[in-house]
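Please consult the sequence and structure alongside the text.

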Amino acid sequence: MLDAEGARVAAKYYSREDFPDKASQADFERKVFKKTRAAQARVDAEVTILDGLTVVYKNGADVTFYVAGGADENELILVTMLDSLFDAVTALIKGQVDKRGLHHNLELLLLAIDEMVDGGVILEVDAHAVESRVMLRGAVPDSISSYKEMTVGAVFDKARSKARAVFDK
């Protein structure tokens, strides 16, 4: 994800051969931003080829989501991945997808990416399933309203209250 000025909001690279260091990543981000900044891919994803990679992208409010794959990758799969990521992130941050919202919810964004892709292999393209896994639906006890309450302090408080209940008997 790049912001309106081309600065990185978040990124995950899986190819050490194509992107061995941060300099090569930054160079690729500059190139892809320069090539796609004039396009307005707000509703549908756009496809382009850059440096032998297939790149699909879609704009949010002031950020652009990119998914890149090898030249032999199927564009439809990459577009499906991009749309699913965009939809999952929109549901997770519960609002407009903008730079500020992504920064405030960076952990959700990165977890969504991790739920969808493992080592460069696409595992999940169902936005609802990704959102459910990221929000730990079904894994959070009923006494806790969200994953945000599952902090170390909350765990200690719960353990302390259970220990008191045992010792008070």
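How many helices and strands does the protein have?

## Overall fold and confidence

The protein has six helices and six strands. Along the sequence, these elements follow the pattern β-α-β-β-β-α-α-α-β-β-α-α. Of the 169 residues, 37% are buried. Among contacts between residues at least 6 apart in sequence, 44% join residues at least 24 apart.

The model is predicted. Its mean pLDDT is 85, and 86% of the residues reach 70 or more. Among the elements, helix 1 (residues 22-36) has the highest mean pLDDT, at 94, whereas helix 6 (residues 152-168) has the lowest, at 74.

## Nonpolar cores

The largest nonpolar core comprises 30 residues, and the members that touch the most others are Met-1, Phe-65, Leu-85, Val-97, Leu-102 and Leu-109. At least two residues of this core come from each of strand 4 (63-70), helix 2 (75-93), helix 4 (106-116) and helix 5 (127-134). Helix 2 gives the most, with 10 residues.

Val-97 illustrates the surroundings of one such member. Not counting residues up to four places away in sequence, Val-97 touches Gly-60, Ala-61, Asp-62, Val-63, Phe-65, Phe-86, Thr-90 and Leu-102.

Tyr-13 is placed in the loop between strand 1 (2-3) and helix 1. Is Tyr-13 buried, partly exposed or exposed? Tyr-13 is partly exposed, because its relative accessible area is 22% and the buried class requires a value under 20%.

Leaving aside neighbours within four places in sequence, Tyr-13 is in contact with Arg-8, Phe-19, Gln-25, Phe-28 and Glu-29. With Glu-29 there is also a polar contact between the two side chains, at 2.7 Å. Tyr-13 and Ala-68 are 55 residues apart along the chain, and their C-alpha atoms are separated by 9.3 Å.

## Backbone of Asp-51

Asp-51 lies in the loop between strand 2 (46-50) and strand 3 (53-59). Although Asp-51 is not a glycine, its phi is positive, at about 50°. Most residues other than glycine have a negative phi.

Asp-51 is classed as exposed because its relative accessible area is 51%, and the exposed class begins over 50%.

Conventions:
Residues are numbered from 1 along each chain as its sequence is written. This is a predicted model: local features need pLDDT of at least 70, side-chain atom pairs count only at pLDDT 80 or more; totals for chains, interfaces and linings use all residues. Side-chain values use heavy atoms; hydrogens and water are left out. Helices (H or I, at least four residues) and strands (E, at least two) are DSSP runs, numbered from the N terminus. Buried means under 20% relative accessible area, exposed over 50%, partly exposed in between (1.4 Å probe, protein chains only). pLDDT is the predictor's confidence in each residue, from 0 to 100. A nonpolar core is a set of buried Ala, Val, Leu, Ile, Met, Phe, Trp, Tyr and Cys residues joined through side-chain atoms within 4.5 Å. Contact means heavy atoms within 4.5 Å. A polar contact is a pair of N or O atoms within 3.5 Å; within protein, one must be able to donate a hydrogen and the other to accept it, and residues adjacent in sequence count only if both atoms are side-chain atoms.
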